[in-house]
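Here are my notes on this one, for when you have the model open.

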Amino acid sequence: MVTWWGLVIEGYHLTQERLMAEIADRFGLAPGSFDILLRLVRSPEHKMPMTRLAREAALSSGGFTKVADRLAAADLIVREPCDTDRRVTYAVLTEHGKDVAERAREACAEILRRRVLAPLGLDRSEALAEAMRTLRTANGEDGIY
């Protein structure tokens, strides 16, 4: 049991490393920056409260601030205060950020087709996704213990 779980972890890590290396080569994005851009491009109006974004990306507030500072310096996001709650600041994609995020998302899909779908095939890829969904549910905050 421990051996097959180790294979799952090794396969994931190697695939993720190759994926992130290609994203870094093509777009100059570190994994944290790529994750933030993907979350924003999928969000309504391409914006999210910064505290929620940090939590969902599993970054500390200090770690998230560094990533957000780099993204802002690269003109990929802007910080926007909330009109109704001065405690809330949104991270919002710029037009340049939307373009980079969309192109990076398309590249990610292409890389995943090559590195996951091609070796596994559609049925095994779908089964893998379903298995991971089940584990996420079973082991999440509200999961079965």
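1. First, the rule: a salt bridge here is a side-chain nitrogen of Lys or Arg within 4 Å of a carboxyl oxygen of Asp or Glu. Arg114 makes one with Glu110, with the closest N and O atoms 3.0 Å apart. By this rule the count comes to 16 salt bridges.

2. Keep in mind that this is a predicted model, where local features need pLDDT of at least 70, side-chain atom pairs count only at pLDDT 80 or more, and totals for chains, interfaces and linings use all residues. Residues are numbered from 1 along each chain as its sequence is written, and side-chain values use heavy atoms, leaving out hydrogens and water.

3. Arg114 also bridges to Glu22, at 2.8 Å from N to O. Since Arg114 sits in helix α5 and Glu22 in helix α1, the pair ties together parts 92 residues apart in sequence. (Helices are DSSP runs of H or I, at least four residues, numbered from the N terminus.)

4. Glu22, Arg26, Glu110, Arg114 and Arg115 are linked in a network of salt bridges.

5. Buried or exposed, what is Glu22? Glu22 is buried, at 15% relative accessible area, while Arg114 is partly exposed at 37%. (Buried is under 20%, exposed over 50%, partly exposed in between, with a 1.4 Å probe and protein chains only.)

Technical notes:
Helix = DSSP H or I, 4+ residues; strand = E, 2+ residues; numbered from the N terminus.
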